[in-house]
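Dear colleague,

I am passing on to you the structure below, together with some notes on what turned up in it. Please look it over before reading on.

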Amino acid sequence: MGRFDQVRANLRRAYEQRLENARLEREAIAAEVAEAEVPPPPPPAEPDVIHSSTMSRDDAEIPRGLRLAAAWSWRLLVLVAALAVLLWLVSRLDTVLIPLSIALLLSALLAPMMEFLRRRVKLPPSLAAFLVLVTGLAAVAGVLTLVVSEFVDGFPNLADKASAGVNQIQDWLTTGPLHLNGSQLDATFDAATNWLKDNRGSLTDSAVSTATATIEFFALLLLVLFVTFFFMRDGHRIWLFLTGVLPTPARDPIRRAGEAAWRTLVAYVRATVLVAFIDALGIGLLLVIIDVDFWFPLATMVFLAAFVPIVGATVSGAVAVLVALVDEGPISALVVLIGVIAVQQLEGHVLQPLIMGRAVSVHPLAVIVAISTGVVLAGIIGALVAVPLVAVLNTGIRHLVQHRHEPPPDSVIISAD
């Protein structure tokens, strides 16, 4: 190639490079113009800050303390409403629930003997339940016969001593520091006599109602015996049937909690019987030593009253002191009072923690509240079954809480897509 051709090729490359630069410059200017004409995008909106426990932005703007108070409030209202409905049902069905409760306590009391006859002696369930029930009835009938016969034999002597005691009180009122005259005492006794005459009709009605209550008592007794027999014979199958209607995930935990509660009830009844026997033995021996009449009925009353914790021992001890006061005088009554206080202290500080503490663990405040509630709802029977019911519920709820299975965290995450 000649020199002239090289110069022409260089000029051509320079010309094409200039054209390319001009084109690139025009494209850059066009891009700048287009970018200037397009409005800038709006700033991104701030995301709504929603707490995990709220459902909307409005809920998130409410103070957390107020949200928690409202949540607790409506849940407590629901619980109070459910409790009110439950108490209403209990008050309407007390004729059925009371025999069931007594039968359950009797079944727990007789369960060890029933278990012995079924597993060791190999008796059929029906025969074992029948023998246990008949043996228990025979023991109760024998004790009641002794109590009634001793009471009937000693009542005239006690009545004479009570009359003499009233005369002594009357003499003390006239010659003592009060210095009441005979006319005032006569007016008091006349007022009492007039009151009896004026309320003779109500007393007669009370006698009629007492007769009606006696009939109801025997009907209640038959129902208790009937239910106790089937509780001892088919108790496990009845529990499996009742828990069979529950949802499958809750069936086994409820069954195990019920079995644990039943073991607690059996232990509670056995411990109560042992404590009651020790109380009755101690007070009964003291009454025998002092030579107080009705020592056996009083010891029996102490034994039965011990099934109502705290309150029963106090009431039965007060009755024993009053009988000793009428029968033997103030010195013997003081000795009985000291003995009753000593037995109660032994029960409260030794027997209850050592024997009852191993069976159940219920705070004394819960015991008092349970007894008061039971008395309001069902009288003496309510006081009798209140503490065992609290002990059973305490064990069942503790068992459910301690043996619940928490789901893994991944199983409760719900996707938002």
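Setting aside the neighbours within four places in sequence, Thr228 is in contact with Ala103, Leu106, Ser107 and Leu133. Please keep in mind that this is a predicted model, and that the values here are computed from it. Thr228 itself sits in helix 7, which covers residues 200–243, and because its relative accessible area is 1%, under the 20% cut-off, Thr228 counts as buried.

A search of the whole structure finds 1 cavity of 30 Å³ or more, and the space in the largest cavity comes to about 50 Å³. Its lining is made up of Asp279, Ile283, Val302, Ala313, Ser316, Val343, Gln344 and Glu347, and these residues divide into 4 nonpolar, 2 polar and 2 charged. At least two lining residues come from each of helix 8 (248–290), helix 10 (311–328) and helix 11 (330–359), with helix 11 giving the largest share, namely 3 residues.

Just after helix 8 comes Asp291, which takes a positive phi of about 70°.

With best wishes

Terms used. Residues numbered from 1 in each chain as written. Predicted model: local features only at pLDDT ≥ 70, side-chain atom pairs only at ≥ 80, totals over all residues. Heavy atoms only, no water. 1 Å grid on protein atoms, 1.4 Å probe; cavity = no way out; pocket = protein on both sides within 12 Å on 5 of 7 lines; lining within 4 Å. Points joined across faces, edges and corners; volume = space filled by probe spheres on them. Helix = DSSP H or I, 4+ residues; strand = E, 2+ residues; numbered from the N terminus. Nonpolar A, V, L, I, M, F, W, Y, C, P; charged D, E, K, R; others polar. Buried < 20%, exposed > 50% of the residue type's maximum accessible area, 1.4 Å probe, protein only. Contact = heavy atoms within 4.5 Å.
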